[in-house]
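Here are my notes for you to read alongside the model. Take the points in order and keep the structure open as you go.

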Amino acid sequence: MTSLVVRGASILGGDAADIHVVDGVIVGVGAISAKADRTIDAAGLIALPGLVDLHTHLREPGGEVSETILSGSRAAAAGGFTAVHAMANTSPVADTATLVERVFDQGVTAGFVEVRPIGAVTRNLDGEQLADIGAMAHSRARVTIFSDDGKCVGDSLLMRRALEYVSTFGGVIAQHAQDPRLTLGAQMNEGSVSAELGLQGWPAVAEDAIIARDVLLAESVGARLHVCHVSTAGAVEVVRWAKRRGIDVTAEVTPHHLLLSDENVLGYSPLFKVNPPLRTFEDVEALRAGVADGTIDIIATDHAPHSASAKDCTWADAAFGMVGLESALSVVHATLVNPGHVTWDGVARLLSTTPARIGRVEGYEQPLTPGSVANITLVDPSFLGEWGVDRLVGRSHNTPFGGLELPGRVMSTIFRGTETVIDGRIVDELRTA
Amino acid sequence: MKHLISTRDLSRAEAIGLLDTTADMVDVRGRDVKKLPTLRGKTVANVFFEDSTRTRLSFEAAALALSADVSTLTAQGSSVSKGESLKDTLQTLEAMGADYIVLRHSHSGVAATVATSGWTDAHVVNAGDGTHEHPTQALLDAFTMRSRLSGATARGAGLDGANIVIVGDIAHSRVARSNVWLLNTLGASVTLAAPKTLLPKDITEWGVSTAHTLDEALDGDPDVVMTLRIQKERMSSGYFPSESEYSRFWGMTSNRSARLKDTAIVMHPGPMNRGLEIAGDVADSARSTVTEQVRNGVAARMAVLYTLTGAQS
């Protein structure tokens, strides 16, 4: 029997209490007098359930130069996560049971977080033929989310079939909403900034129109739809309308779309090149309001590591994407908590309970209560510091937040009772408590 | 001024200074000895990742007229076509001692990236980047306008009150962007005429008027009509239906030329599609400044290199 006590943490931003963990399970929350093998002084810290990311790119297999399942797992733990979903656009693509099991097993071996593979919707992400969805769902990896992320399932008939087929296995399609024809050659948000910079515009309607089509398809076949990285005011409106209508849709937003805008692109720095693109201030405001009123269900990072050479180049040559696991909670703190859009309780919902529910991840149903798996994140809310690459622990350094003052710091992450982050530092080797 | 990346970065004083220096360079070009010793011992590297014989020759002539050593790199047959990154190419040029890098690239933003990346300490002159900017073209255009409207000897003057129409593919035109910023700075008022498909979606901050036919724009009695080259591949991408329809609504035809006031000029940055965006007889008429623009181009580029040199010493 191993035990651990977290002393005096503010539970979900509320009253302070101790959390007693025995053999990876929370056995008591309140005033704990029992002795434990290890004690964490959490006075002044906020206790959240371990965070769950529905959208990361861990790059393994095929992209190990920019991230591996181990390095991405460590980046996740450093950011306070205890579960991450790994997108299917690896090389080879995760479109068979064998491949998703391999990703799942590597995650178990790494041991820092629960790695949940996402399966491809279509074979090789080609958008032509369904991938082995049933086999992936019934594999050891128990895949529940299917996505061609990075590419949109553009064909309406195929999207309809995919929605119908995954519902057979209790799954969900996570759509990357981007009309392929409307965004041919697109480089950045279409607007006054793209007009000035002479970069091919990426119209908001290319996202909004696909989401509108997909919610109607989901309604007509009675399936569940998840919308990845909503980035426009119009998309928020469409999702709001769909929910009012009773359509079974959930939506995510990334931290970077809650903070940055297309004006960041003015110097052509490839660090700001991302898909979907950074939009306007009006979109940023609409996204925050969408989170505040529940239209947007969750925050997901779309952590997209890229090697230095893919970003230390010209805008056109640069890869799309930014890392986000380590910075996610701080950006949410800055954009949603500090302006008063959500409380810490809401942060737990947006970054843990709800994403776990959408992905059918077990152990997050009753956060920080006796009987639950001990997935716990302790945050210092009083911290304020300049963000920089020194805060990154993954293999790639393409953060867009360098130089910004960001609040909050993950001081401790506990994954199934094991500390993965101690005193704000990722542990080098895991020792099971 | 260390680099010339965008006409947006130029103050009015800097812009007029460049036009005045261009006038000086025109004088130099008219002398028996057509050279200045300004860049003796300096190296100007013309780096053209995109083909442009006329702009490259113009920059070479300008650098030679300032006594620089000139080396030219074009994408064809170089290490660039072997997949070398822009960063490596630039660092190679830096190691070879290039003091000025004149850069042409098919992607927007490349000149800005090179100037700010730390890859090189050289002065960077943007010779056209994608659909972003072509600042030396705008300077030679503004100088040509000023010479025609206020006389070749005009010094210290801007283009205040001049009424300028730019017609054509604004969305994909670096010439249009550089001209709009510079003409605004010089006090001109600008009208853009194009089908909506060839205008950027949001130009509310450009400080220009728009017209959806050339006739509508000509109703404003312009001093200058600048026609832009239309790429024929725009038709297959659905930007406009046919050449004849383009000419009908946006071509600088003889009839439209006849509507202009006597002093008005018609410009084109070249190369022209005669009979499409500009009628052959208009291009060859006394209104046309096409060859004058080419001539002034060398002087304007001399002025740019000369001015950047001053910043260093």
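1. Let's begin with a pair of strands: S9(A) and strand S10 (residues 172-175) of chain A run parallel and are joined by 2 bridges. Within this pair, Ile145(A) has Val172(A) of S10(A) as its bridge partner. Strands here are DSSP runs of E with at least two residues, helices are runs of H or I with at least four, and both are numbered from the N terminus. Two strands count as paired if DSSP finds at least two bridges between them.

2. Before going further, please note that this is a predicted model, in which local features need pLDDT of at least 70, side-chain atom pairs count only at pLDDT 80 or more, and totals for chains, interfaces and linings use all residues. Residues are numbered from 1 along each chain as its sequence is written, while chains are lettered from A and ligands numbered from 1 in the order in which they are written.

3. Back to the sheet: it is open, with 5 parallel strands in the order S9-S10-S13-S14-S15 (chain A). Its edges are strand S9 (145-146) and strand S15 (298-299) of chain A, each pairing on one side only.

4. Which strands does helix H4 (residues 156-168) of chain A lie across? They are S9, S10 and strand S13 (225-227) of chain A, and the helix runs at about 140° to S10(A). Helix H6 (residues 205-221) of chain A lies across S10, S13 and strand S14 (249-253) of chain A, at about 165° to S13(A). The axes are lines fitted to C-alpha atoms, for helices over the stretch in contact, and angles run from 0 to 180 degrees between N-to-C directions.

5. Now look at where the chains meet: 15 residues of chain A are in contact with 21 residues of chain B. Contact is defined by C-beta atoms, placed from the backbone, that lie within 7 Å. On the chain A side, helix H5 (residues 192-197) of chain A gives the largest share, 3 residues.

6. Chain B has domain 1 (7-133 + 294-312) and domain 2 (135-289), with bounds from an automatic or database domain assignment. Their C-alpha centres lie 25 Å apart. The contact between them takes 26 residues from domain 1 of chain B and 22 residues from domain 2 of chain B. H1(B) supplies the largest share of the domain 1 side, 8 residues.

Methods. Contact = placed C-beta atoms within 7 Å.
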